[in-house]
Amino acid sequence: MSEYFAPIRDMQFVVKELAGLEQVAQLPGCEEATPDLVDAVLEEAARFAEEVLSPLNITGDLEGAKWHDKAVTMPAGFKEAYKLFADSGWTALACETEWGGQGLPKLVAAPVAEMWKAANHSFSLCPLLTNGAIEALVLTGSEKLKADYLEKMVTGVWTGTMNLTEPNAGSDLAAVRSRAEPQADGSYKVFGQKIFITYGDHDMAENIVHLVLARTPTAPEGVKGISLFVVPKFMVNDDGSLGERNDAYCVSIEHKLGIHASPTAIMAFGDHSGAVGYLVGEENRGLEYMFIMMNAARFGVGLEGVAACERSYQRAREYARDRIQCSDVGVRGGPKVAIIAHPDVRRMLMTMKSHAEASRALAYVVAAAQDTATHHPDADERQRNQAFVDLMIPVVKGWSTECGVSIASIGVQVHGGMGYIEETGAAQHLRDAQISTIYEGTTAIQANDLIGRKIGRERGATLNALIGRMRALDAELAGQAAGSFVAIRKRLHAGVDALDEAGDWLVATYSADIRSASAGAVPFLMLLGTVAGGWQMARAALIAQARIDAGDRDPFYPAKVITARFYADHVLSKAAGLASSVTDGAEGVLALTDDMF
Amino acid sequence: MKILVPVKRVVDYNVKVRVKADASGVDLANVKMSMNPFDEIAIEEAVRLKEAGIATEVIAVSAGVSNCQETLRTAMAIGADRGILIQTDVELQPLAVAKLLKAVCDKEQPQLVLCGKQAIDDDANQTGQMLAGLLNWPQATFASKIVVAGEQASVTREIDGGLETIEIALPAVLTVDLRLNEPRYATLPNIMKAKRKPLETITADALGVDVAPRLKTLKVAEPPKRSAGIKVADAADLVMKLKTEAKVI
């Protein structure tokens, strides 16, 4: 089976019952998001993802984006699919109504984005980056820039890119060398080379709006001297029509491990006469603005981790149901059975299922918190939610995408030798999933952001508030006598203890010995993700049990309780080990001299 | 011109249905439901007729439980202007639905009723024909092309031997076949607009229709498992087997 079926049942459960659609729909500006509308949106998005985007996933991988004569041609079907995507209004889902968007909350946008990513990771990157660019322009662009660009981008007629990375400025953006020279008319001429520019060129839309980081002649060195510019592929005339070709060209695209249909461009700005650019906001504040895009994009990339878990799980599950091999264990000479009967295959499938559900639950809960942080009338409530969002974005990004890779790898393993053969499609999920741990900041960059800006600087205040919320669940879990809840409670309790201990160590060590703290950054990020995922699975199990007790016969609910129990015993149980790596692991990381490696 | 389109909420075509243990029917608990695909084609055609300036209003009608509202919202997201739900928890059979639809037609006075040729759950293929009979209107079934001009419709029908084109006078009942059109994807703005379109709920009683089932389901069973094929020696052997064993030639 190569088809993707959007996991609508779990999405509805998480959106409505776990992440609190009802509360979000009461926020000013979110009133449209009634349960029936959300159902209708999810169902139609599922149809689009399943019928239009999913069939192009394998063909796009095989054909890949092609470069010739400083332009990119997309694989067959992508141009038509993108047009249908934009015409159907999907690009505008979460954008502001002022610019032609539908203004739906993030809690609704998240499952829809997950569907695009699971159906076709490569395709989904184009709207993801366009949305990031839109968000940056909405918040920081001048009225003129907004009027010239936003509506066309919101409606998907034009797409957007983020141009940060240069050959010598990857994770270290302070090293950006591209320059922007002010012109008499108030515009700038931009010169420089940018690499790793996702959808830097393609043939799906008539114009591409590049957001480019560059330095003005008077800019100070380092991160405080970088400005942000809009550089369109085609100039935009005063009447909105397209003018001359700007001096911004894709000079090559990369050959990559995965996401073959997504063109990763090397962009040359100003090789001929200088690329015309327009300053976004104020000079020297570019990096700050770029982080607006970056946070939205990081959350979006986190959803790729969820999507990778889900898609590879679905494929492995179908294969395990079809593949007949060996008798049931313990039945000598018995009939051959489908491999889904074998205990270790079940363990692998449960690992996949529980990670998909845990990472989804966490991501959507963070999406709901983003809505509350933006729309809640009470300033304290906004601030409290924003702090939670800021803490969790590197976790949703770093942890979910690391899960995506390990789960896609298990997906290959479930297929055995056939998984290593490209034809089954399991390998593509693994190849595609790997990039999500790298772009928009590698896992280590996320982890450093987490232990530094999000924890160390505020001495763990938000983290401790979160730990308090996790502990508050204990009493409710104690009220359930069933074996699953005994296990969930025990593991969550131990996991939160481990998180608490590692958090305290980190806060103390961050100011005293930042090298040791940094050596434990990624294990800490994985610890926080693992425990936060367990926290959401425990909440989900309680909600499911309440439905069962109320007489609901939907098999979804008992399955949810068991999945939460599996997660507790097989995933959450690793929290103590991760905590030890944080608190005891620095010596082993740092002790060797460079030449001893 | 007003067009009325009956839409039925059925088990989604992707779902592998299972017969209930007591053989009383198909298990519908927690199964995904959606609009009957042939009805979707009918809605699409009606909306195209409206976009072409031929129809002025498209009304979607559904009969059944309150969840049929979702099906009506889907129809309105494709482009129907309003919806009517005839709400009842009784198991509806084709004749009862035809009577309910007749009552709605008497009230709404449409020039055209566009039905799916059959529903994919019971495959009855009766409601449109019965409705035409009750209304005493002309009917054209299995339409793969519809051209409306004034008080006439030219309808191309899919018949066993190929295609047949007939002219019928309006008002009429048409039932549509698979090849008539390819339904569009509902756009997000239209999904949101559909929420605000009027949806009227009436009861079967209010229409004065007795919807009590006339047919009794005795037993529902899974189709027999297909047995493995055999290899035949040559063409003569094949012909012989087709004659004597399969008895199809």
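Okay, let's start with one pair of residues: B:V147 stands opposite B:S154, which sits in strand β8 of chain B. One thing to keep in mind as I go: this is a predicted model.

So what's around that pair? Strand β7 of chain B, residues 139-149, and strand β8 of chain B, residues 152-159, pair in the antiparallel sense, over six bridges. The hairpin they make has two residues between the strands, and in it B:G150 takes a positive phi near 60°.

Keep walking along chain B. β8(B) also pairs with β9(B), again antiparallel, and here there are eight bridges. Those two strands form a hairpin as well, with two residues between them. If you want a pair to look for, B:R157 stands opposite B:E164 in β9(B).

Which residues of chain B does a cis peptide bond join? B:L170 and B:P171, with omega about 0°. B:P171 is in the loop between β9 (162-169) and β10 (172-176) of chain B. As background, most peptide bonds are trans.

Let me zoom out to the whole of chain B. You'll count six helices and 11 strands in it. The C-alpha trace spans about 65 × 45 × 40 Å along its principal axes. Of the 249 residues of chain B, 37% count as buried. And if you take the contacts in chain B with a separation of 6 or more, 70% of them come from residues 24 or more positions apart.

Now, how does chain B meet chain A? The contact takes 13 residues from chain B and 20 residues from chain A. On the chain B side, the elements giving two or more residues are α2 (68-78) and α5 (188-194).

Over to chain A. It's divided into domain 1, which is 54-88 + 120-284, and domain 2, which is 442-589. The C-alpha centres of those two domains lie 38 Å apart.

What about the largest nonpolar core? It has 261 residues, and those with the most contacts inside it are A:F229, A:Y364, A:L527 and B:V5. Helix α9 of chain A, residues 286-322, gives the most to this core, with 18 residues. Domain 1 and domain 2 of chain A both give residues to the core, so it lies between them.

Leaving out residues up to four places away, the partners of B:V5 include B:D39, B:A42, B:I43, B:V58 and B:L114.

Next, a helix: α18 of chain A, residues 521-549. Is α18(A) mostly covered or exposed? Mostly covered: 24 of its 29 residues are buried. After α18(A) comes A:G551, whose phi is positive, near 100°.

That brings me to backbone angles. Most residues other than glycine have a negative phi. A:I259 has a positive one, near 35°. You'll find A:I259 in the loop between β10 (248-253) and β11 (264-269) of chain A. Is A:I259 buried or exposed? A:I259 is buried, with 28 other C-beta atoms within 10 Å.

Chain B has a case too: phi of B:K247 is positive, near 55°. B:K247 lies in the segment after α6 (235-244) of chain B. With 8 other C-beta atoms within 10 Å, B:K247 is exposed.

Last stop, A:D328, in the loop between β13 (324-327) and β14 (336-338) of chain A. A:D328 is partly exposed, with 13 other C-beta atoms within 10 Å.

Methods: Residues numbered from 1 in each chain as written. Chains lettered and ligands numbered in written order. Predicted model: local features only at pLDDT ≥ 70, side-chain atom pairs only at ≥ 80, totals over all residues. Core = buried A, V, L, I, M, F, W, Y, C linked by C-beta atoms within 7 Å. Buried ≥ 20, exposed ≤ 12 C-beta atoms within 10 Å, placed from the backbone. Helix = DSSP H or I, 4+ residues; strand = E, 2+ residues; numbered from the N terminus. Domains from an automatic or database assignment. Contact = placed C-beta atoms within 7 Å. Pairing = 2+ DSSP bridges.
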